[in-house]
Amino acid sequence: MGSQPWLHQHDGRIQDFGTVRQFPLGLSSDARMYSCQRLNQVLADTQILYALYKKHHWLMRGPTFYQLHLLLDKHAGEQLALVDMLAERVQTLGGVAVGDPRHVAEITRIPRPPDGAEQVPVMLSRLLDAHETILIDVRDAAGRVAEAGDDGSNDLLVSNVLRTGELQAWFLAEHLVEMPLARS
């Protein structure tokens, strides 16, 4: 024995991405496979949305800097919590959660923003577009996984991802309303 670590190990893969192990969950392998595919898509897009929130949080400028800087950081934290919930659900179903940023970039449907800083309305619009992409997919996925009998994934998608996304989209959209602070 001894306490020397086994260093420089490679290719110790024990499960391929896109497969599911059998767990005693009362769901068929096909239902769990489908749920994992849909959840991994939402997971990838949510990881990108989280990254966009952090980018825009850091690059925020102008008279609403303080409020938006704090709001975007709060939303980023909520998205990060969703990332963990989605990944753990995939694992619970016997799948493999998408986790490597390079793999996430390959499968996300959220367009890559340009490098550099943008105007505040552009950044907020970009976040709203990403939210809408996810919300459309989540509504479809929630219904389909429920039809397959996966109430747990349906609950996660509706109660957590959908409701959080809708609320965050509302908060962002209200910042794009042009209204004077005072009337003369």
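Predicted model: local features only at pLDDT ≥ 70, side-chain atom pairs only at ≥ 80, totals over all residues.

**Surface and overall build**

Residues are numbered from 1 along each chain as its sequence is written, and side-chain values use heavy atoms, with hydrogens and water left out.

Next I looked up the secondary structure and found five helices and zero strands, in the order α-α-α-α-α along the sequence. Helices (H or I, at least four residues) and strands (E, at least two) are DSSP runs, numbered from the N terminus.

I then checked the extent: the C-alpha atoms fill a box of roughly 75 × 50 × 25 Å along the principal axes. Of the 184 residues, 40% are buried, meaning under 20% relative accessible area (1.4 Å probe, protein chains only).

**Helices α2 and α4**

I turned to α2 (residues 65–92) and α4 (residues 120–147), whose axes come within 13 Å and cross at roughly 20 degrees. That makes α2 roughly parallel to α4, the term for angles under 35 degrees. Axes are lines fitted to C-alpha atoms, for helices over the stretch in contact, and angles run from 0 to 180 degrees between N-to-C directions.

Which residues meet here? From α2 I noted Leu68, Leu72 and Gln79, and from α4 Val120, Leu124, Leu127 and His131. By class, this contact has five nonpolar, two polar and no charged residues. Ala, Val, Leu, Ile, Met, Phe, Trp, Tyr, Cys and Pro count as nonpolar, Asp, Glu, Lys and Arg as charged, and the others, Gly among them, as polar.

**Two residues up close**

His131, in α4, counts as buried because its relative accessibility is 2%. Leaving aside neighbours within four places in sequence, I found His131 in contact (heavy atoms within 4.5 Å) with Leu49, Tyr53, Gln79, Gly165, Gln168, Ala169 and Leu172.

Leu156 lies in α5 (residues 151–174) and counts as buried at 8% relative accessibility. Not counting residues up to four places away, Leu156 touches Leu39, Met85, Leu86, Arg89 and Val161.

Technical notes:
Parallel < 35°, antiparallel > 145°, perpendicular 65-115°, else oblique. Buried < 20%, exposed > 50% of the residue type's maximum accessible area, 1.4 Å probe, protein only.
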